[in-house]
Amino acid sequence: MDNELDPKVEQLNSLKAETLACQNCHLRAGCQGVVFGEGDPLSPIVFVGEGPGQTEDELGRPFVGKAGQLLDRILEAVELPRNTVYITNIVKCRPANNRTPTLEEMKYCLPWLRDQFRILRPHFMVLLGLAATHGILAPDLKMNQVHGQWFERGGVQMMPTYHPAAILRNSNLKRPAWEDFKEISRAVKAFKAENKV
Ligand code: URA
């Protein structure tokens, strides 16, 4: 394990242990467990979804249900395989019946995400769907107006794009989402080439 990876893994493990014990809001009482996130701690890119669904809640891993399988296929297709990125959610506990988390629930959970970012220090962040976009960028944004654009916040390049579950529901979103993911992959490849990572 190289020098940079070692402390990040340790810090993530201890943050994960704290997060798994979280009881800060009522969501924890309605789910099986906290889903922390996973992936390459040295990746320059983090994907942020909405919150665990039923499969994620059962398995304790993000994006492993139907939407996750689509995300995996898209990432593979743009040559950014899942094991080369980091994936997490804006809320770490499953909202009952897969409803969208409220802004208040997101606010309760955001400190965990901030701590994850402090450790991961990603260069890019992809906001999958409106919940992550509203919770992280601004609560009044419309996906059809902002998807595919980079927003710089505190030195991080953030792009909102369609949530894979939305793409599964509406095939008209496939094309614009595909263009967004191609741009994401282009940007990551350029960053890696520039920084020799
Ligand atoms: N949808 C999300 O937003 N996150 C997951 O982890 C799974 C489905």
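**Ligand site and loops in a predicted model**

Residues are numbered from 1 along each chain as its sequence is written, and side-chain values use heavy atoms, with hydrogens and water left out.

A backbone N or O atom of phenylalanine 63 is 2.9 Å from an oxygen atom of the ligand. From asparagine 89, a polar side-chain atom lies 2.7 Å from a ligand nitrogen atom. On its own the ligand has 240 Å² of accessible area, and the protein covers 92% of that. Accessible areas here come from the Shrake-Rupley method with a 1.4 Å probe; for residues, only the protein chains shown count as cover.

Which residues surround the ligand? They are Gly49, Glu50, Gly51, Glu56, Pro62, Phe63, Asn89 and His163, where near means that a heavy atom of the residue lies within 4 Å. By class, this shell has two nonpolar, four polar and two charged residues. For the classes, Ala, Val, Leu, Ile, Met, Phe, Trp, Tyr, Cys and Pro count as nonpolar, Asp, Glu, Lys and Arg as charged, and the others, Gly among them, as polar.

Where does the ligand sit? It sits in the largest pocket. A pocket is found on a 1 Å grid over the protein atoms alone, as an open set of points where a 1.4 Å probe fits, with protein on both sides within 12 Å along at least five of seven lines. A molecule sits in one if more than half of its atoms lie within 2 Å of its grid points.

Now glycine 51 again. It is in the loop between β2 (45-49) and α2 (54-59); helices (H or I, at least four residues) and strands (E, at least two) are DSSP runs, numbered from the N terminus. With a relative accessible area of 24%, glycine 51 is partly exposed, since buried means under 20%, exposed over 50%, and partly exposed in between (1.4 Å probe, protein chains only). Glycine 51 and proline 101 are 50 residues apart along the chain, and their C-alpha atoms are separated by 7.5 Å.

Arginine 82 is in the loop between α3 (66-77) and β3 (86-89), and counts as buried at 15% relative accessibility.

Glutamate 79 is also placed in the loop between α3 and β3. It has a positive phi of about 60° although it is not a glycine, and at 54% relative accessibility it counts as exposed. Lysine 196, in the segment after α8 (174-195), is another non-glycine residue with positive phi, near 50°. Lysine 196 is exposed at 75%.

Is lysine 92 buried or exposed? It is buried, with a relative accessible area of 1%, and is found in the loop between β3 and α4 (103-120). Its C-alpha atom is separated by 25 Å from that of glutamate 76, 16 residues apart along the chain.

Two residues remain. Glutamate 4 lies in the segment before α1 (5-20) and is partly exposed at 44%; from glutamate 4 to proline 41, 37 residues apart in sequence, the C-alpha distance is 9.5 Å. Glycine 154, in the loop between β5 (151-153) and β6 (156-161), is exposed at 80%. Glycine 154 and proline 62 are 92 residues apart in sequence and 25 Å apart, C-alpha to C-alpha.

How values were computed:
Predicted model: local features only at pLDDT ≥ 70, side-chain atom pairs only at ≥ 80, totals over all residues. Polar contact = N/O pair within 3.5 Å; in protein donor to acceptor, adjacent residues only side chain to side chain. 1 Å grid on protein atoms, 1.4 Å probe; cavity = no way out; pocket = protein on both sides within 12 Å on 5 of 7 lines; lining within 4 Å.
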